[in-house]
Amino acid sequence: MSNTSRRENEANAGNEDEDDEKDECQGNRHQRSPHRDDLQSTIRVTRACQTQQARAATTSAATSSPTHPASPTDRIQLSGEEAVRTDDLTSGLGDKPIVLDEQARQVDWARSFHGLSSEAFSKESAEALLAPIGLDDIEVKPDGIVYLPEIKYRRILNKAFGPGAWGLAPRGETIVTAKAVTREYALVALGRLVSVARGEQDYFSPEGIPTAVEGCKSNALMRCCKDLGVASELWDPRFIRKFIVEHAKEVWVEHQQTQKRRRIWMRKDDHVKYPFKIYTPPTQGSGRSNNAKY
C-alpha cells in the first residue's frame with residue numbers, strides 16, 4: 001500500500017473517531033468497531049464529554065446569574081461553592097466606616113491618628129474646656145451616680161472650637177449584643193485627632209436599638225472629653241462625695257401602679273416624678289403594713 005493511501009485511511013479513521021465521540025456524548029451511542037475499542041479511544045471520548053459538560057455549565061451560570069453582584073453580606077464563596085449567609089444583629093449593623101484611598105488628600109479618620117498631640121490648643125479653647133462646671137448642671141441618677149448630660153458636653157465643645165470645627169468619626173462597625181450596643185469613635189477637633197473611646201448603651205427591646213445607637217455615640221463623646229479635661233470633676237471621688245452630701249438626698253418612693261417601694265437618689269432641689277410618689281415609712285412601733293411591697 002502506498003504512503004498516500006495510508007495517510008488517507010488514517011485521516012478517514014480520525015474523522016470517524018470524532019463523529020463517534022460526538023454521538024456518544026449526545027447519548028446516541030452505537031457499537032464501535034473492535035480496532036477503536038482501546039484505552040486511548042476511551043480517554044478521548046471521556047475528555048470530549050467533560051469539555052461539553054463544562055461549556056454547558058458555564059453557559060447556564062452566565063444566563064442565570066443576576067445583572068448586579070451579590071452583596072458581601074448576602075453571599076460568600078466557600079471552596080468554590082456559593083453559600084448563602086443570613087447576618088444577625090450580633091455580627092454588627094453592617095455600617096463599617098468607609099475606607100479611603102491612601103493616596104487621597106482627605107484623612108481617613110477610621111484608621112489615622114493624624115495630629116494627635118502635635119500642639120496645644122489656643123488659650124481661649126483651653127479655658128473653655130477646663131472651666132469648672134456649674135453645680136446646677138450636674139444631675140443625679142436614681143442609683144446615686146452623678147453625671148453631666150451629653151448635650152452640655154456638646155455645648156462646651158462648641159464654645160471651645162466653634163460649631164462645625166469638631167466631630168465624632170466612627171472607627172469600627174456598630175456591634176449589637178443581646179442587651180447592649182457598642183461602637184468605637186474618634187473625637188476630631190480643628191482637623192486633628194484628639195481622643196478615641198468606645199461607647200456603649202443598653203436596650204430592652206429590638207425597637208429600642210436605634211435610640212441605643214445614638215446613646216452609644218453620646219457615651220463615646222463623654223469618654224473622649226475626659227482627655228480634654230471637660231467635666232473632670234465628675235471623675236474625682238472626693239468631689240463626688242462632697243457633692244452627694246451637699247446637693248443630693250436619698251428618699252423612699254412608691255410606684256403608683258404596682259405599689260412597689262424602693263429608695264432612690266435625687267438632687268435636693270428636684271421633685272419625685274410620675275409614676276413614683278414620695279413614700280413615708282411607718283414610724284417605729286406602728287408596725288409594717290401588710291400590703292407593703294419591696
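Before you start, residues are numbered from 1 along each chain as its sequence is written. In this predicted model, local features need pLDDT of at least 70, side-chain atom pairs count only at pLDDT 80 or more, totals for chains, interfaces and linings use all residues, and side-chain values use heavy atoms, with hydrogens and water left out.

**Stop 1: the helix pair.** Select residues 150-161, helix H4, and residues 209-224, helix H5 (helices are DSSP runs of H or I with at least four residues, strands are runs of E with at least two, and both are numbered from the N terminus). Their axes lie 10 Å apart and the helices pack at an angle of about 50° (axes are lines fitted to C-alpha atoms, for helices over the stretch in contact, and angles run from 0 to 180 degrees between N-to-C directions).

Now show the side chains: Glu150, Tyr153, Arg154 and Leu157 of H4 meet Ser218, Leu221 and Met222 of H5 (contact means heavy atoms within 4.5 Å).

**Stop 2: the sheet.** Move on to the open sheet of three strands, ordered E10-E9-E11 with antiparallel pairing (two strands pair if DSSP finds at least two bridges between them). Its edge strands are E10 (261-267) and E11 (276-278). From one strand to the next, the twist averages 50°.

Select E9, residues 248-255: seven bridges join E9 to E10. Pick Glu250 and you will find Trp265 of E10 opposite.

**Stop 3: the helix across.** Finally, select residues 237-247, helix H6, which lies across E9 and E10 and runs at about 60° to E9.
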